[in-house]
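Here is a short report on one protein structure. Keep the sequence and the 3D view open as you read.

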Amino acid sequence: MNFDALKSYRQYYNLRQTQVCAGLCPLSTYSRIEQGQTVPAFSLAEALFGRMGQEACTLSPVLSQADVRLTGLRLEIENMILNERLDEAVAALAQFEALLPKGQPLYQQILLYLKAELNHPDHMPSDISETEAEGQKEAAKELLLAAWKVTKGSNIISEDELYTPLEIRILLGLIHLESPAWNRTDLISQLELLIQKIDRYFTGRSAIELRTACMWEMICQGEKEWSDHDILEKTDEAIRSLSNWYDYRTTAKLHQKKAQVLARLTERPGDNAALREQCILECRMCYHIYETLHQDFRMQEIARFCLEKTGVDITVV
């Protein structure tokens, strides 16, 4: 396969070869790939193009049958996790791990990330004990940190470095779970820098999803220091950015965040009738999105919240 496109993208963005391949492969290997002297494994090719915001569909000529199966399984697992079909995801992940080729650490990075996602606090059952929950959270942090170290050594978002979509998601997971490696006071500015990189190198749905994921994490981190009005403004901005895309789960999370902030504002002295009505509206929107996704647990969660904070039962039409 001719990898002129790799060189063209790199030159278009005025990047050095070392920026593109750092942590992925030796510079000498990357140079040979650009010159067409060697064909990389799909996992490496995907990561190299991904560092410059390019989709994997560009790489169909280097896909082996094993790559096709692994890529399909990965998408299935991510969809299962997204829709909280966790038992199915565990079984599919075991199949994914059994099929992994040896000597390809980038596939190991994917495996570690998917295992961390299954241990994420968002997917914990409601009846889990506090000790079990903390253990699951620590396991997710360790898995994400191991995944990060496959290709990255620093825990600083650098002006000079590039990040694949997977590296960005691993990074956001570490920040969200308050990994000691990312327990920094300037996380907001670090996330703003990451958004700048996404805006520069990524396009289409990938750009929207990654940018919104960063904005979501910025909102979560900003709650520690921003005013409620600032949080509402940032949340609205994130919702607007998703208006033309069908990322229902993230949209529901953003409406739920707005409802939480509005509920806090209604507890302040004064006439808060309008804020209460807006809180109920956000809860209803969130409830109906979760209903569309068939996520009964999330529906019950937002319904309980609305009843507790506003006295309104949104399950009654």
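This is a predicted model: local features need pLDDT of at least 70, side-chain atom pairs count only at pLDDT 80 or more; totals for chains, interfaces and linings use all residues.

Residues are numbered from 1 along each chain as its sequence is written, and side-chain values use heavy atoms, with hydrogens and water left out.

**Salt bridges**

Side chains of opposite charge can pair when their charged atoms come close. A salt bridge here is a side-chain nitrogen of Lys or Arg within 4 Å of a carboxyl oxygen of Asp or Glu. How many salt bridges does the structure hold? There are 21. The table lists some of them.

| Pair | N to O distance |
|---|---|
| E88 and R85 | 3.0 Å |
| D228 and R268 | 3.1 Å |
| K309 and E267 | 3.5 Å |

Accessibility tells how open each partner is. Buried means under 20% relative accessible area, exposed means over 50%, and partly exposed lies in between (1.4 Å probe, protein chains only). E88 is partly exposed at 41%. R85 is partly exposed too, at 32%.

Now take the bridge between D228 and R268. D228 sits in helix α12 (residues 228–241), while R268 sits in the loop between α13 (248–266) and α14 (273–292), so the pair ties together parts that are 40 residues apart in sequence. Helices are DSSP runs of H or I with at least four residues, numbered from the N terminus. Is D228 buried or exposed? D228 is buried, with a relative accessibility of 10%. R268 is partly exposed at 43%.

D228 and R268 also belong to a network of salt bridges, linked with E223, K257 and R264.

The side chains of K309 and E267 form another salt bridge. This pair links distant parts of the chain, 42 residues apart: K309 is in helix α15 (residues 296–310), and E267 is in the loop between α13 and α14. K309 is partly exposed at 35%. E267 is exposed at 56%.

**Two positive phi angles**

Most residues other than glycine have a negative phi. N14 has a positive one, near 55°. N14 is in the loop between α1 (4–12) and α2 (17–21), and is exposed at 67% relative accessible area. H294 also has a positive phi, near 60°. Where does H294 lie? H294 is in the loop between α14 and α15. H294 is exposed, at 66%.

**A helix pair**

Helix α7 (residues 105–118) packs against helix α9 (residues 165–176) at an angle of about 35°, with the axes 11 Å apart. Axes are lines fitted to C-alpha atoms, for helices over the stretch in contact, and angles run from 0 to 180 degrees between N-to-C directions.

Which residues make the contact? From α7 come Q109, I110 and Y113, and from α9 come L166, E167, R169 and I170. Contact means heavy atoms within 4.5 Å. The residues of this contact divide into four nonpolar, one polar and two charged. Here Ala, Val, Leu, Ile, Met, Phe, Trp, Tyr, Cys and Pro count as nonpolar, Asp, Glu, Lys and Arg as charged, and the others, Gly among them, as polar.

L145 lies in helix α8 (residues 130–151). L145 is partly exposed at 24%. From L145 to K309 the distance is 37 Å in space, C-alpha to C-alpha, and 164 residues in sequence.
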